[in-house]
Amino acid sequence: MPFSSDTSRASGASRISAKRRFLVFGFATVLTLGMLKASANDEPGTEADRLDINAMRLSFDEDFTSLDVSAWGPGTRWIAHTPWSGDFGGARFADPGQRTPFSIEDGMLKIEAKRDPEGDWQSGLLASMDPKGNGFAQQYGYFEMRAQLPDGPGVWPAFWLIGKDRSQSTAEIDVIEFYGDKPDGYSSVVHVWHRDGRHYSRFHRNNVFEDARPGDFHTYGVKIDRDWIRFYFDRTFVWKTETQEEHRQPLYILLNLALVDGPTKDEAPDPSHMIVDYVRAYRLD
């Protein structure tokens, strides 16, 4: 899951370590916050940045009237872990079953983070591709989630994309990464994690919750083409950065409610919920 790129976070380094242990080819990568760079392309949006859904073609539509999920696949729309077996954060991502963190209520997905009978935290993650590469992935296009975010310290919901080919690097786009102890906004982040240890990263802090509420329904989206990765809140442009070669490939979808693996985990509301109305993808052609 995406880690925080907000350099004002005192606990950011530990969050980076927790995630990197699993995301980059199965070994830990030592990073410093100084490696994270803000994009130079932070100017207000132009006409080219305006989002026009009517000019796109719907290619993936999950409205959560039901949930087709298994632990690892194959044959289901979602699996309940990252395809590379890299769980992260302060809560275990649970399988569907008796203790499932997933439920469908009023045509929406509820992901629940709570302590299990043994006192350990569990929560849920969905990925649109299984470990053998089966499932939904798309090169370029617009990806969007409509959701309510949980309140309280320790909660760490996200909507993100990973490149299908991880043989030489891991391409990652964090559409939204929200921390409950910083409720005034969320981060959008673009990464390339290279096998040789190099790390490319650009980020932007979207302070949208000074006027809006994270607990209300909002849409969080990203549009990717050969040249630009553009981010949207409620379909309004908020930021863009240059598309890297590693992001010019099919990307698959992940969404989750994680907990920070640190002191604030003990302050997280039990239970906490992330409510997802839909997840959609559109083709640009």
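Is arginine 230 buried, partly exposed or exposed? In this predicted model, arginine 230 is buried, with a relative accessible area of 6%. Let's start with the whole chain and then come back to this residue.

## The chain as a whole

The protein chain is built with one helix and 18 strands. It has 285 residues, and 56% of them count as buried. The accessible surface comes to about 11500 Å², and carbon and sulfur atoms account for 46% of that area.

E14 has a partner in strand E9 (residues 141-148), to which it is joined by seven bridges in an antiparallel arrangement. In this pairing, tyrosine 142 stands opposite lysine 223. E14 is also joined to strand E15 (residues 228-233), again antiparallel, by five bridges. There isoleucine 224 stands opposite isoleucine 229, and a hairpin of three residues leads from E14 to E15.

## Back to arginine 230

Which residue forms a salt bridge with arginine 230? The partner is aspartate 225, with the closest N and O atoms 3.2 Å apart. Arginine 230 is buried because its relative accessible area is 6%, under the 20% cut-off. Aspartate 225, at 22%, is partly exposed. Shared partners extend this pair into one network of salt bridges that joins Asp49, Asp225, Arg230 and Lys240.

## Other salt bridges

A search of the whole structure finds 20 salt bridges. One of them links distant parts of the chain: aspartate 61 lies in strand E2 (residues 57-62) and arginine 280 in strand E18 (residues 272-283), 219 residues apart. Their side chains meet with an N to O distance of 3.2 Å. Aspartate 61 is partly exposed, with a relative accessible area of 34%, and arginine 280 is also partly exposed, at 22%.

Another salt bridge is formed by glutamate 245 and arginine 248, whose closest N and O atoms are 2.9 Å apart.

Notes: Residues numbered from 1 in each chain as written. Predicted model: local features only at pLDDT ≥ 70, side-chain atom pairs only at ≥ 80, totals over all residues. Heavy atoms only, no water. Helix = DSSP H or I, 4+ residues; strand = E, 2+ residues; numbered from the N terminus. Buried < 20%, exposed > 50% of the residue type's maximum accessible area, 1.4 Å probe, protein only. Areas by Shrake-Rupley, 256 points an atom, 1.4 Å probe, with all protein chains shown as cover. Salt bridge = Lys/Arg side-chain N within 4 Å of Asp/Glu carboxyl O. Pairing = 2+ DSSP bridges.
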